[in-house]
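Q: I'm new to this one and would like to go through it step by step. Could you show it to me before we start?

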Amino acid sequence: MTIPELYTHLANDDFKDYETGNLFFPAYMYMYDAEKEYEIDAEILDIKNRLHRPTNYLDVIVLDIYEEFITYLKQEKFAKSNKFDFYNAHENKKPEAVNKSLFKDAYDTRFLEFLNNKIQTHLKIEDNFQRSYVFIKGFGNAFPYIRASRFFNNFEKFVKGYKLIMFYPGEAKEYYSLFGLLKDENLYRAIKLINE
């Protein structure tokens, strides 16, 4: 599916309704060539802006999972500082311990709730705009700490009242392949946005 086709799909009145489509887990994946990362970033913002226009009246929140993880670590108090600064200070001396902690933090309920709270705050804004979609990007930058498959499995319980659109820098073989190189688990319940 090309970016113009993705926009048309997201602007479709039937698809905009979060109660249509995959009702059990309203999550969708848009896969793209990792070499086009910066181009896709610009396209995501363009789609967001075009959906916001009066023809659609959609207000989309775009979350960069990597940036959100850093923001979360910076606001998590730890010792006399925060987790982000603490990990930076100890990364060279104790890389294995820091690595282990980052993997744990990436799927901690507090981080998932941090994301959910941000989404819920967006969904509760009272104005004339419809809020049907949450875009999530940045999985390439968040690797290896946040894997798309594991994130979806853990975040699934929070996805209600909107459709989650994940931008994935990779491809689907017999498994999902980040950057077309690294094996990821299958996301059986996420629908791939591809041409039929």
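Q: What share of the contacts between residues at least 6 apart in sequence join residues at least 24 apart?
A: This is a predicted model, and in its protein chain 73% of the contacts between residues at least 6 apart in sequence join residues at least 24 apart.

Q: OK, and how many helices and strands does the protein chain have?
A: The protein chain has nine helices and nine strands, and 45% of its 196 residues count as buried.

Q: Let's take strand S5, then. Is it buried or exposed?
A: Strand S5, which covers residues 133-137, has five of its five residues buried, so the strand is largely enclosed by the rest of the structure.

Q: Which way do its side chains point?
A: Tyr133, Phe135 and Lys137 point one way from S5, while Val134 and Ile136 point the other way, and all of them are buried.

Q: Which strand is S5 joined to, and do the two run parallel or antiparallel?
A: Strand S2, residues 61-64, is joined to S5 by four bridges, and the two strands run parallel. Within this pairing, Leu63 stands opposite Ile136 of S5.

Q: What is Lys137 in contact with, leaving aside its neighbours within four places in sequence?
A: With those neighbours left aside, Lys137 is in contact with Asp41, Ile44, Val62, Leu63, Asp64, Ile65 and Phe167.

Q: Where is Asp41 found, and is it buried or partly exposed?
A: Asp41 is found in helix H3, which spans residues 37-52, and with a relative accessible area of 22% it is partly exposed. Asp41 and Gly138 are 97 residues apart in sequence, yet their C-alpha atoms are 9.2 Å apart in space.

Q: Switching to charges: how many salt bridges does the structure hold?
A: The structure holds ten salt bridges. In general, side chains of opposite charge can pair when their charged atoms come close.

Q: Which residue does Lys118 meet in a salt bridge?
A: The side chain of Lys118 meets that of Glu68, at 2.9 Å from N to O. This pair links distant parts of the chain, with Lys118 in helix H7 (residues 109-123) and Glu68 in helix H4 (residues 65-75), 50 residues apart.

Q: And are those two buried or partly exposed?
A: Lys118 counts as partly exposed, at 34% relative accessibility, whereas Glu68 counts as buried, at 8%.

Q: How many residues apart are Asp13 and Lys16?
A: Asp13 and Lys16 both lie in helix H2, residues 13-16, and are three residues apart, which is about one turn of the helix. They form a salt bridge in which the closest N and O atoms are 3.1 Å apart.

Q: Buried or exposed, for each of them?
A: Asp13 is exposed, with a relative accessible area of 59%, whereas Lys16 is buried, with a relative accessible area of 6%.

Q: What does Arg110 form a salt bridge with?
A: Arg110 forms a salt bridge with Asp108, where the closest N and O atoms are 3.3 Å apart. Arg110 counts as partly exposed at 43% relative accessibility, while Asp108 is buried, with a relative accessible area of 17%.

Q: Which residues are linked in a network of salt bridges?
A: Lys48, Asp59, Asp127 and Arg131 are linked in such a network.

Q: New topic, helix packing. At what angle do the axes of H7 and H9 cross?
A: The axes of H7 and helix H9, residues 148-155, cross at roughly 70° and come within 11 Å. That angle makes H7 roughly perpendicular to H9.

Q: Which residues make the contact, and how many are nonpolar?
A: On the H7 side the contact is made by Leu112, Leu115, Asn116 and Ile119, and on the H9 side by Phe151, Asn154 and Phe155. These residues divide into five nonpolar, two polar and no charged.

Q: Last one: where is Ser81 found, and what does it touch?
A: Ser81 is found in strand S4, residues 81-82, and it is partly exposed, with a relative accessible area of 30%. Not counting residues up to four places away in sequence, Ser81 touches Glu76 and Phe86.

Terms used: Residues numbered from 1 in each chain as written. Predicted model: local features only at pLDDT ≥ 70, side-chain atom pairs only at ≥ 80, totals over all residues. Heavy atoms only, no water. Salt bridge = Lys/Arg side-chain N within 4 Å of Asp/Glu carboxyl O. Buried < 20%, exposed > 50% of the residue type's maximum accessible area, 1.4 Å probe, protein only. Pairing = 2+ DSSP bridges. Contact = heavy atoms within 4.5 Å. Axes fitted to C-alpha atoms, helices over the stretch in contact; angles between N-to-C directions. Parallel < 35°, antiparallel > 145°, perpendicular 65-115°, else oblique. Nonpolar A, V, L, I, M, F, W, Y, C, P; charged D, E, K, R; others polar.
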